[in-house]
Amino acid sequence: MAMEQKLIVPNMIISGELTAYSRELIKIYENNGADALLLFDWSQTDEEHDGALSFLREAAQLTELPIFAGGTAKRFEDVKKLLYAGAAVAVINMRDDAADLVLEESYKRFGKEKLAVYTEWVDDYIAHREYIDRYADFLISKDSIDIFFFCFLFPHLESVRISCLKVLE
């Protein structure tokens with residue numbers, strides 16, 4: 001079984017410019033033991049997505065914490081933008097139709113250590129298992145039940161460096 005590593009990774013939904021409140025919150029996380037920061041961009045338009053990238057750029061300059069960022073990485077270009085804007089790791093939502101192709105193409109350019117996948121349910125993992133195991137270094141899930149399933153029912157996950165990150169709601 002893969003060795004379990006637990007990290008404190010607070011998450012934020014991002015859009016637009018970094019506000020004073022967001023700046024303060026990031027510093028609180030950094031000064032109180034966070035190991036990384038998870039930024040979710042659930043934008044629906046290109047304008048909203050550009051705002052989220054601006055937030056990411058500012059956050060990356062503000063903190064020394066590694067930043068996991070994603071949510072709307074539906075194309076290789078989106079992954080590239082996230083990494084160039086300051087994300088240490090790009091997060092690909094496995095619910096997106098082209099997720100397998102985006103993950104594989106991103107792996108070829110950036111390597112496994114720069115890629116994470118986000119799954120909502122164990123079914124997402126099962127449906128994309130081959131791609132996740134081969135191309136992603138991190139697995140992120142929002143459901144504590146799924147964390148149990150990932151960690152205990154799929155012991156072969158040693159190919160995923162950090163098996164599970166719990167996204168707190």
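**Where does A127 lie?** A127 lies in helix α5. Helices (H or I, at least four residues) and strands (E, at least two) are DSSP runs, numbered from the N terminus. A127 is exposed, with a relative accessible area of 59%. Here, buried means under 20% relative accessible area, exposed means over 50%, and partly exposed lies in between (1.4 Å probe, protein chains only). Between A127 and M94 there are 33 residues in sequence, yet the distance from C-alpha to C-alpha is 9.1 Å.

The model is predicted: local features need pLDDT of at least 70, side-chain atom pairs count only at pLDDT 80 or more, and totals for chains, interfaces and linings use all residues. Residues are numbered from 1 along each chain as its sequence is written, and side-chain values use heavy atoms, with hydrogens and water left out.

**View 1. The protein chain as a whole.** The protein chain has six helices and seven strands. From the N terminus, its elements run β-α-β-α-β-α-β-α-β-α-β-α-β. Of its 169 residues, 54% are buried. Take the contacts (heavy atoms within 4.5 Å) between residues at least 6 apart in sequence: 65% of them join residues at least 24 apart.

**View 2. Helix α4 beside helix α5.** Two packed helices are described by the angle between their axes and the distance between the axes. Helix α4 spans residues 99–110, and helix α5 spans residues 122–135. Their axes come within 10 Å and cross at roughly 20°. Axes are lines fitted to C-alpha atoms, for helices over the stretch in contact, and angles run from 0 to 180 degrees between N-to-C directions. α4 and α5 are therefore roughly parallel to each other. Angles under 35 degrees count as roughly parallel, over 145 as roughly antiparallel, 65 to 115 as roughly perpendicular and the rest as oblique.

Which residues meet? From α4 come D100, L103, E104 and Y107; from α5 come H128, Y131, I132, R134 and Y135. The residues of this contact divide into five nonpolar, one polar and three charged. Ala, Val, Leu, Ile, Met, Phe, Trp, Tyr, Cys and Pro count as nonpolar, Asp, Glu, Lys and Arg as charged, and the others, Gly among them, as polar.

**View 3. Helix α3 and its cover.** Helix α3 covers residues 76–84. Its buried residues are F76, D78, V79, K80, L82 and L83. What covers them includes α2 (46–62), β3 (67–70), β4 (89–93), α4 and β5 (115–119). Just after α3, G86 takes a positive phi of about 130°.

**View 4. Strand β3 and its partner.** Both faces of β3 are covered. I67 and A69 on one side are buried, and so are F68 and G70 on the other. Strand β2 (residues 37–40) pairs with β3 in the parallel sense over four bridges. Two strands pair if DSSP finds at least two bridges between them. L38 stands opposite F68 in β3.

**View 5. D96 in its loop.** D96 lies in the loop between β4 and α4. Is D96 buried or exposed? D96 is buried, with a relative accessible area of 14%. Leaving aside neighbours within four places in sequence, D96 is in contact with G71, A73 and K74.

**View 6. S54 in helix α2.** S54 lies in helix α2. At 16% relative accessibility, S54 counts as buried. S54 and I14 are 40 residues apart along the chain, and their C-alpha atoms are separated by 9.5 Å.
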